[in-house]
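My notes follow, in the order I looked things up.

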Amino acid sequence: MSSLRALRTAASALKACRTVAPTSARTFAQRSAITAGPSVSRTWAAPVAARCFSLSARAFGQGESDVELAAKLKEEIQYEKEAAEQAGSGAPEFVKEFTADGVWKIEHQDGHDEVALVRQFGNENIRVVFSIGDLDTPQEVNEYDEEGNPIAQDEDATSNPPDTGALSIDAVAEDGNFAVDNVSYYADAKLAGELSAEADWKRRGLYIGPQFDHLDVGVQESFEKYLDERDIGPALASFIPEFAEWKEQKEYTKWLEHVHKFVSA
């Protein structure tokens with residue numbers, strides 16, 4: 001009898017298991033929310049699908065301020081073009097005179113911030129690089145000419161005779177003169193002027209030399225003569241800020257036109 005009773009008990013338990021088993025995941029989750037004993041509230045949240053999308057300027061550029069901004073930009077474009085017409089078309093006279101000397105060649109591209117002046121001096125390849133964006137970069141000491149134009153401009157001069165590395169000179173064109181900040185030497189001439197992120201990372205780990213004003217006065221004076229002999233002197237220091245301002249004005253007008261076109265689309 002005991003064996004028969006145990007067998008019936010096992011059969012009942014098996015039947016109970018079969019009753020519970022064929023339930024769906026959703027039904028099981030709902031039933032599991034009701035538990036015996038103390039009242040406990042459980043919540044199961046179904047996953048919410050996230051959909052990514054983008055907004056195009058044309059489809060959503062219909063704000064109330066669009067027309068006003070486009071009109072203001074158009075006014076500014078008209079003003080800049082009228083000023084350019086009064087100044088005359090083509091390169092200004094100071095640029096023509098500079099290039100006519102035949103010493104430096106100007107390298108720059110429309111839409112780009114950087115300008116390079118290049119020349120040969122004996123067996124040296126000299127490259128002076130400056131950015132028109134420096135006109136809007138605050139200097140520690142701001143100086144202006146009689147017309148209120150900025151007269152300070154950062155520049156970098158690199159000289160690299162074949163197979164001897166390169167000298168990189170950081171300076172500021174200020175009030176018709178160059179104020180040298182630092183003179184660096186690079187055994188790898190390519191590293192001195194390369195603009196890649198990898199080259200910049202390599203330069204950061206190198207000793208770049210002392211501050212120029214920490215050098216012996218005699219060494220400073222000799223360096224200044226060294227630069228003057230390569231035509232990196234007062235004439236170039238006066239030309240760089242003037243050219244940067246002229247190019248920045250041209251780029252500004254193009255920027256206005258591009259932004260106006262975008263806002264008006």
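I began with helix 5 (93-100) against helix 9 (234-264). Phe94, Val95 and Phe98 of helix 5 meet Leu236, Phe239, Glu242, Phe243 and Trp246 of helix 9, where contact means heavy atoms within 4.5 Å. By class I get seven nonpolar, no polar and one charged residues here. Ala, Val, Leu, Ile, Met, Phe, Trp, Tyr, Cys and Pro count as nonpolar, Asp, Glu, Lys and Arg as charged, and the others, Gly among them, as polar.

A note on the source: this is a predicted model, so I kept in mind that local features need pLDDT of at least 70 and side-chain atom pairs count only at pLDDT 80 or more, while totals for chains, interfaces and linings use all residues. Residues are numbered from 1 along each chain as its sequence is written, and side-chain values use heavy atoms, with hydrogens and water left out. Helices (H or I, at least four residues) and strands (E, at least two) are DSSP runs, numbered from the N terminus.

Next I checked the geometry of that pair. The axes of helix 5 and helix 9 come within 10 Å and cross at roughly 135°. Axes are lines fitted to C-alpha atoms, for helices over the stretch in contact, and angles run from 0 to 180 degrees between N-to-C directions. The two helices are therefore oblique to each other; angles under 35 degrees count as roughly parallel, over 145 as roughly antiparallel, 65 to 115 as roughly perpendicular and the rest as oblique.

Then I looked at helix 4 (residues 66-87), which packs with helix 9 at about 155°, axes 9 Å apart. That makes helix 4 roughly antiparallel to helix 9. The residues in this contact divide into eight nonpolar, four polar and six charged. Among those of helix 4 are Leu69, Leu73 and Ile77, and helix 9 brings residues including Tyr252, Leu256 and His260.

What about the core? I looked up the largest nonpolar core, and it has 28 residues, of which Leu117, Ile232 and Leu236 touch the most other members. Such a core is a set of buried Ala, Val, Leu, Ile, Met, Phe, Trp, Tyr and Cys residues joined through side-chain atoms within 4.5 Å. Helix 9 gives the largest share, six residues. Beyond four places in sequence, I found Leu236 in contact with Phe98, Trp104, Leu117, Val128, Phe178 and Asp231.

Arg203 sits in helix 7 (residues 197-204) and, not counting residues up to four places away, touches Tyr186, Leu191, Ala192 and Glu194.

Conventions: Buried means under 20% relative accessible area, exposed over 50%, partly exposed in between (1.4 Å probe, protein chains only).
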